[in-house]
Amino acid sequence: MTSNLNLPSLNLKPFPLALEFLPFNGKVNLKNPEHIFWILEDYGTDPNNVPEEPCDLYFGRWIADGQRELIESYSVKKRHFIGNTSMDACLSFIMANHGRVKPNDIVYDPFVGTGGLLISSAHFGAYVCGTDIDYNTIHGLGKASRKNQKWRGPDENIRANLRQYGLEKYYLDALVSDSSRPIWRKGTLFDAIITDPPYGIREATRRTGSQKESVKSSERSTENHIIISSSYHLSDIFFDLLKFAAEYLVMGGRLVYWLPIYRPEYTEEIIPRHPCLKLISNCEQMLSSHTSRRLITMEKVKEFKDQDQNSYLLDGQYMPYKGHNSFREKYFSGVTKRIAKEEKDNQK
């Protein structure tokens, strides 16, 4: 076995004695190594208080380079079609990694928006599709989200975004549909469901309504298309999403989604559950001092049965999930308090 030790700032003295315990018997070949090893020194997180000696040392074999260049090449700032909530490129690729997206998978986003999450999955060779209740977004109509642009152009749509990156061949379609009323035939259809549901902050939480319901809004999208929508509680959004994933994911398929959290009240018990889905990871992204969102990854481990249709209604833990419905009020109450505090401080 040949090896190469890359040690840019090693403080170990003397070096041969420090690593003599390692079972390296092969000849060192710096020009064409079979294996590359690294020693990493951790000096803590405070740049203003760097210790003389490292806090920790990490030693391991190099496996592969990262792909951080994708963050720049897929930057939302350079994207043809964007919206108010287009997902950051870095987070999109993280979500695709959590979903274990691979070539020839079928990946679905039930809240597709401008299709940012489809792009990252298509980059890894998956075929992608999505639905959204917003007619204007799906068809690339209405007011633009880009600065100094009033209306969207004639070719601003999800397909154009994938074409921009040479990924159009992976695009199946995007449909106008209400996620609370699934349109798909019965059976397992998707290898991964990767999505970012609306929280009611920058995008409304709504579903299709009827004249008999208490109508929240009536929106005219085009001359002949009028949307009648009613409120769609966050708790219902997440339970519909989990139920859909349990029914339509293949066995071993993954659901990856963002869950908004009011941090002072957070406990792991408020993470939505389903008997067919196993929680794989729960990662936090801070939004403010009092709010955050958690990237939830779940894997299908049990075949969906009819008795699983409304299983959560029988779960004694169902009531804590209702707290998600007040996230919008708690979010803006925190914003209001912060603004008031800043104004008070400025008056001093």
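**Notes on a helix pair and its sheet**

1. Let's start with a helix pair: α3 and α4 cross in a right-handed way (right-handed means the near helix is turned clockwise from the far one by less than a right angle, left-handed anticlockwise). Helices here are DSSP runs of H or I with at least four residues, strands are E runs of at least two, and both are numbered from the N terminus.

2. A word on the source: this is a predicted model, where local features need pLDDT of at least 70, side-chain atom pairs count only at pLDDT 80 or more, and totals for chains, interfaces and linings use all residues. Residues are numbered from 1 along each chain as its sequence is written, and side-chain values use heavy atoms, leaving out hydrogens and water.

3. Back to the pair. The axes of α3 and α4 (residues 116-123) lie 9 Å apart, at an angle of about 55 degrees (axes are lines fitted to C-alpha atoms, for helices over the stretch in contact, and angles run from 0 to 180 degrees between N-to-C directions). The two helices are therefore oblique, the word for whatever is not under 35 degrees (roughly parallel), over 145 (roughly antiparallel) or 65 to 115 (roughly perpendicular).

4. Who touches whom? S92, F93, M95 and A96 of α3 meet G116, L117, S120, S121 and H123 of α4, with contact meaning heavy atoms within 4.5 Å.

5. Now the sheet: seven strands, open, with mixed pairing, in the order β6-β5-β4-β7-β11-β13-β12. Strands pair if DSSP finds at least two bridges between them. At the edges sit β6 (171-176) and β12 (277-286), each pairing on one side only.

6. Helix α3 (residues 89-98) also lies across β7, β11, β12 and β13, at about 140 degrees to β11.
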